[in-house]
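Have the sequence and the 3D view ready.

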Amino acid sequence: MTRKFAGLAIAGLIAALVLVNVALYDTPVDISPVASGKGHDGGLASAAGSLQFPEAGNFSETFERPLFTPTRRKFVAPPAGPPPVEVVAAAVEQPPAPPPPEAAPAIAPSLLGISIHGGTAKALLRVAGSETAIWYGSGETVDGWTVSAIDKDQAVLERGGKVARVPLYPPWKNAPPPPQKARLPAPNVPPPATNEPQL
């Protein structure tokens, strides 16, 4: 019986604490600023018995904008001074712009392959800046260049009176020299004697 009574007492105590917490949660907190350091009775207000509040004039900004409230107002800066005056300068004549430089000559397409079958030759050409290559025969035009001749190792292209010979293989004159083999030092073997008969 005492256990049941103790359990009911504990449950009642917990229920009472929950009700107190709900009541305190709904109670508004007075955060209005204090006008001066004096209490309602005219005497100095004190906290914790011996502490005294200083004059409220020193903390006016704090009282106007309390830190821990959801209605805290943002700080508004004082208005700035008058806007700056614009100074209009007289227009200075600019020298005439230099003529545009002549367009650089167009780059000839790259030659990736040659196909000669039954007397018909075709060149696999790729235009600069493109990732695809297309087969072109003699007399066809690619990027403004006309294929005039196709040999077994080069294609001849013409454009605006200019002739470009595009080789299939890179020229060998700029190839790096082959690496030199390092010579191993000869072992220290004495030469054969000359006065002994050799067989």
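**From surface to core**

I10, I14, V18 and V22 make a nonpolar surface patch of about 360 Å². Such patches are built from residues with over 30% relative accessible area and no salt bridge, with nonpolar side chains (Val, Leu, Ile, Met, Phe, Trp, Tyr) joined within 5 Å; a salt bridge puts a side-chain nitrogen of Lys or Arg within 4 Å of a carboxyl oxygen of Asp or Glu. Areas come from the Shrake-Rupley method with a 1.4 Å probe, and for residues only the protein chains shown count as cover.

This is a predicted model, where local features need pLDDT of at least 70, side-chain atom pairs count only at pLDDT 80 or more, and totals for chains, interfaces and linings use all residues. Residues are numbered from 1 along each chain as its sequence is written, and side-chain values use heavy atoms, leaving out hydrogens and water.

V22 sits in helix α1, residues 2-26. Because its relative accessible area is 45%, V22 counts as partly exposed (buried is under 20%, exposed over 50%, partly exposed in between). Helices (H or I, at least four residues) and strands (E, at least two) are DSSP runs numbered from the N terminus; the protein has two helices and nine strands.

Now look inside. The largest nonpolar core, with 15 residues, includes L125, V147 and L157; a core joins buried Ala, Val, Leu, Ile, Met, Phe, Trp, Tyr and Cys residues through side-chain atoms within 4.5 Å. Strands β4 and β7 are among the elements giving it two or more residues.

Conventions
Buried < 20%, exposed > 50% of the residue type's maximum accessible area, 1.4 Å probe, protein only. Patch = residues over 30% accessible without salt bridge, like charges linked within 9 Å, V, L, I, M, F, W, Y side chains within 5 Å.
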